[in-house]
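Student: I've got the sequence and the model open. Can we go through some ring pairs and contacts together?

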Amino acid sequence: MATAVFMPKLSMTMETGTVIQWFKQEGDHVREGDVLLEVLTDKINIEVESYSTGTLLKIYYGHDQVVPVNHVIGYVGDAGEAVPDLPPSSESNIAKDSTEAQHEQKDQQVSHFAGPITQKIRATPVARRIARENGIELGAVIGSGPNGRVQKADIELAVAAQSKSASSLAPTTAKQTEAANRRVKLDGMRKVIAERMAASAYTAPHVTLTTEADMSRVVEVRSTLLPTIEKMTGARLSYTEIIVKAVASALARHSNVNVSLKEDVIEHHESVNIGLAVAVTNGLVVPVLKQADRKGLAELTVESKRLASLAREGRLLPDDMHGGTFTISNLGMYAIDTFTPIINQPESAILGVGRIHEKPVGVAGQIVLRPMMSLSLSFDHRVMDGAPAAAFLQEIKELLEEPYQLLA
């Protein structure tokens, strides 16, 4: 009997998944553990593996189609075996979901992330996409990741080598042709980000407050603790972890900011979970530091470095991005002073962090140079007003200017 392939449910909040691509076509033989397709969930791509061996009999949904979780998207079975021409109805899908489907989907997830090593080529979704876009054969690339998994950096090296080779052989034609505009369809992660940012900007009335913090003491604290934390953990303490600690401490005391708006209900969160916006190849992901207010700088350093590394390699799990209650977006490394961040819904506020740079300020009647950093707090005016938002931002500023409070 043919086995159904379901759109997996990979997090508690996931309601739909978008088909990015199928790695097998109808009629192809597949083995248990072969990667069947790539699915976009909550801002991350997941490879869905086959949990049976046979022939891929049917594919119901193609590239860029959005499918509810637990719905049948294809069948694997014996060659020539009859399967429905159309996907089964929602009712039958839901019925399947009650027991068997969840079990099967769990198997799919587990096999993807922890399954036995087979002869198939292992590669991150980002690496697969870049390879596909540049015509690179994955099998010809030596993977530098765990168990030989092909990473983004491996493909980029292959692309660079291919470009160098092509340029040395191609005739000079630049003067003979006119440059054409490059057109890229809005899909995958870029499409999800576009939809979510537009929905947030159009539905939540944003108000942004800005201030500056004197980072002299933070610079001092980091310089003092850096060698100790590096010796303890092997990771280098950055300003980001100190900022996260200050924000988490302030959130723990401003419960009216640590909230989410879901339909017409304001949900007050018991946990302080800080999302850190991380730029990746094709967009932006927000891994979450859970219980950040209860962690010390050493633990925050290790955890933030781990999540940032997974994000850049395209290996974040759904749980790594689940449960955020507040987000920090730091563009200081790009020499940005001030910007207006858009709230990561359903959260109610987001903090934008600018660069630290010396500028003249007035101190006790004297003009002196101090390392200053801008802070931009965008908040949803439907759930909080200006005064409590300003009080929250003021506390962050004070904690950064007297960071030894964070070590108490």
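Tutor: Contact here means heavy atoms within 4.5 Å. This is a predicted model, where local features need pLDDT of at least 70, side-chain atom pairs count only at pLDDT 80 or more, and totals for chains, interfaces and linings use all residues. Residues are numbered from 1 along each chain as its sequence is written, and side-chain values use heavy atoms, with hydrogens and water left out.

Student: Is N273 buried or exposed?

Tutor: Buried means under 20% relative accessible area, exposed over 50%, partly exposed in between (1.4 Å probe, protein chains only). N273 has 8% relative accessibility, so this residue counts as buried.

Student: Which backbone nitrogen lies 2.8 Å from a polar atom of the N273 side chain?

Tutor: Leaving aside neighbours within four places in sequence, N273 touches V288, L289, K290, Q291, G323, G324, T325 and F326. The backbone nitrogen at 2.8 Å from its side-chain polar atom belongs to Q291.

Student: What is the angle between the planes of F326 and F392?

Tutor: Phe, Tyr and Trp rings (six-membered ring for Trp) pair if their centres lie within 6.5 Å; planes under 30 degrees apart are stacked, over 60 edge-to-face, the rest tilted. F326 and F392 are both buried. Their rings sit 5.7 Å centre to centre and form an edge-to-face pair, with the planes at 70°.

Key. Polar contact = N/O pair within 3.5 Å; in protein donor to acceptor, adjacent residues only side chain to side chain.
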